[in-house]
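Good morning, colleagues. Please look at the chain on the screen while I speak about its charged side chains.

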Amino acid sequence: MTDHTRPIAASSAPATSPELRIRQKRGQITYRALIDTTFALLDDKEFDDISIAELAQKAGYSVGAFYARFRSKDELFDAMVMHHLHNRRNVRSKQFASADDDTLVHALIEETVHYYWGRRRFWRAALIRSIREPEFWTPIRKLGYEFADGLIARATSRSGRTVTAQEEAKLRFAVQLTFGTINNTILNRPGPFFMDQALFIENLVRAFRLVSEYDALLAHENSARPRRGRTSKRRQSAGRSR
C-alpha cells in the first residue's frame, strides 16, 4: 500500500483545507512542522521520493500524527502550495511598495528566479501534478495574473490614466513569457542559460522589458510631468516680466 493510496475513512467528505480542520494550537504547530520539514527534504530529493514515514520521522512525529493532519501526500502538497501562494503575495506586495520605477522589474524577476531555483523540486512537482490534474493549476495561474495586475496598476498610477488594451496585452504576455521560461528551465533545463547563472536573470529581464515595453511606457508617463512643470515655470517667468 503506497502513501498515495492509503484508504481514508472520510475520503467521501467534501474537500476542506486541513489547516481549517485543525483547531488546537498543538495541532497547528505539528501541521506547520510537517510542511516546513517537507520543504527542507526537497533540498535533496524529489517529492515523490519522500515517504510519509521518512517525513514524520524527520519532523519528530509519528505517521499517525501525519494522517491526523493530512489525508494524503497530495493534501500535504496542496497545503504547501497554499504556503507558496501566501509567501509570493507577501513578498511581491513588499517589492511593489519599496522598489522604485527604475529597479522594480529587475527586482521582481531577480527575486522570482532565486525563489523558484531554491525550491525547484517543489515547483517541478507542482508542474508535473498540473499535467495530471489541470484544475490544480487554477490558483497558481491566478497568482501570475496578479503579478501582471501589479505592474498594470503601477503604470496606471504613474500616468494618471488607464493603460490601453495593447499596452496591457504586452505586459501580460511578458509575464507569461517570464514564468514560461522559468517553468521550462525547471522541467527540461534546455540551456544554454540556467537559473543559477547571473546571465539567466539579466537576459530574462531584458526579454521582459523588450516584450512589455514597460520602460518606454513609464518614460512616456514621466516625460509628461516635467513638461507641465517647465510650462508652469515659463508662465511664472512671463508673469514676472510683465
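I shall discuss the salt bridges of this chain and the surroundings of the residues that form them.

The model is a predicted one. In total, 18 salt bridges are counted in it.

Let me begin with Glu111 and Arg88, whose side chains form a salt bridge with an N to O distance of 2.8 Å. This pair connects distant parts of the chain, since Glu111 belongs to helix α6 (residues 104–118) and Arg88 to helix α5 (residues 73–98), 23 residues apart. Arg88 has a relative accessible area of 1% and is therefore buried. Glu111, at 21%, is partly exposed, because the limit for buried is under 20%.

The next pair is Asp101 and Arg154, with the closest N and O atoms 2.9 Å apart in their salt bridge. Here too distant parts of the chain are linked: Asp101 lies in the loop between α5 and α6, and Arg154 in helix α8 (residues 138–159), 53 residues apart. Asp101 and Arg154 are both buried.

I now turn to Glu133 and Arg132, which make a salt bridge whose closest N and O atoms are 3.2 Å apart. Their salt bridge is part of a network, joined through shared partners, of Asp74, Asp78, Arg129, Arg132 and Glu133. Within this pair, Glu133 is buried at 19% relative accessible area, whereas Arg132 is exposed at 51%.

Which residues surround Arg129, beyond its neighbours within four places in sequence? They are Asp74, Phe77, Asp78 and Phe136, all in contact with Arg129. Arg129 itself sits in helix α7 (residues 120–132) and is buried, with a relative accessible area of 8%.

Note on methods
Residues are numbered from 1 along each chain as its sequence is written. This is a predicted model: local features need pLDDT of at least 70, side-chain atom pairs count only at pLDDT 80 or more; totals for chains, interfaces and linings use all residues. Side-chain values use heavy atoms; hydrogens and water are left out. Helices (H or I, at least four residues) and strands (E, at least two) are DSSP runs, numbered from the N terminus. Buried means under 20% relative accessible area, exposed over 50%, partly exposed in between (1.4 Å probe, protein chains only). Contact means heavy atoms within 4.5 Å. A salt bridge is a side-chain nitrogen of Lys or Arg within 4 Å of a carboxyl oxygen of Asp or Glu.
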